[in-house]
Amino acid sequence: MLLLDGKKLADEIKLEIAREVQQIKLAGGKVPHLAAVIVGNDGGSLTYVGHKVKACEEVGIRSSLLQFDETVTEEFILKEITKLNENSDIDGFIVQLPLPKHIDPDKVLLRIDPKKDVDGFHPVNMGKVVLGLPAYISATPQGIIKLIERYKIETQGKHCVVVGRSNIVGRPISILLSSKSKTGNATVTLCHSKTNNLKELTLQADIIIAALGKPEFLTGDMVKEGAVVIDVGTTRVPDTTSKSGYRLKGDVKFDEVAPKCSAITPVPGGVGPMTVISLLLNTLKASKHEVD
Ligand code: NAP
């Protein structure tokens, strides 16, 4: 069984990005610049944004954090986004979710210039992904694809079962895996909470992507021998033995499933670290205007 080590791979890719940024600097080019917008003081959101900013610093990408008070109006935030759209010094930006209740996330998303939408959530980018055109691919699906590519996991002709159909993970990864591409050409079954006989389907899968957010949902009896299993789930479960008071659990019952697999991602240290890398790759792409 091969452990798909997302942490190690992410560190390797970070070095590659750092080298590329260094070359841009040496050639006198413009250093890529990411901005992150955060509204309010939500602890989780601040931590996530902090990780992203730190990752930028590590590879030499410039980052600017725009933190606004929880009470700012929707109109104010929309104007700030327009300013970022028009600021040629900023290559790409993200708006950390969730936003306070009085701000409509859809309005905010639609205001972002798709050319600067490095999170890849804008309908223009989602649509381009569906059509197989150059686009910003959202972080988690792109991270999974990079993992598949670098570990040379064959997808062509394979039956891939994706469990979960969210717009940020399940649906886009199902589209990417079924697309006409080097890391696609799979036959994909997209499952959700209304799917009948899920176990019958997962038992047929050569590749399973578990992205439902139910800790240890996928058990050994649901997986065929030799399958590749990619665990996207990250649920915080209480753990008094850990300093933080919680532990991250994946959607896969690792101890049961791993012995049957040809390859599997751990949680933590699998898909998670690859997600942050994707944002850096998209920022680099934005600075080179590859999606314009
Ligand atoms: P989500 O928006 O809650 O979507 C969950 C999906 O799973 C839905 O499509 C739902 O079906 C389906 N589902 C729920 N219970 C099911 C069941 N019993 N059988 C089959 N399908 C079921 O979740 P998400 O945002 O995609 O996230 C999924 C997990 O990935 C979470 O643990 C999240 O924390 C994690 N995540 C990790 C990363 C990372 O970087 N590692 C990034 C993003 C998300 P319906 O559509 O029918 O409701």
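## Overall fold

Ten helices and eleven strands make up the secondary structure of the protein; helices (H or I, at least four residues) and strands (E, at least two) are DSSP runs numbered from the N terminus. The radius of gyration is 19 Å, close to the 19 Å that the globule rule gives for 292 residues, so the protein is as compact as a globular protein of that length. That radius is taken over C-alpha atoms, and the globule rule is 2.2 Å times the number of residues to the power 0.38. Along the principal axes, the C-alpha atoms fill a box of roughly 55 × 40 × 35 Å.

This is a predicted model, in which local features need pLDDT of at least 70 and side-chain atom pairs count only at pLDDT 80 or more, while totals for chains, interfaces and linings use all residues. Residues are numbered from 1 along each chain as its sequence is written, and side-chain values use heavy atoms, with hydrogens and water left out.

Of the 292 residues, 46% are buried (under 20% relative accessible area; exposed is over 50% and partly exposed in between, with a 1.4 Å probe and protein chains only). Among contacts (heavy atoms within 4.5 Å) with a separation of 6 or more, 70% join residues 24 or more positions apart.

The protein exposes about 14,200 Å², and carbon and sulfur atoms supply 54% of that area. Accessible areas come from the Shrake-Rupley method with a 1.4 Å probe; for residues, only the protein chains shown count as cover.

## A loop residue: Lys115

Now turn to Lys115, in the loop between helix H4 (105-111) and helix H5 (123-131). Lys115 is partly exposed, with a relative accessible area of 43%.

Not counting residues up to four places away in sequence, Lys115 touches Asp91, Tyr136 and Asp292. The C-alpha atoms of Lys115 and Ala135 are separated by 8.7 Å, and these residues are 20 apart along the chain.
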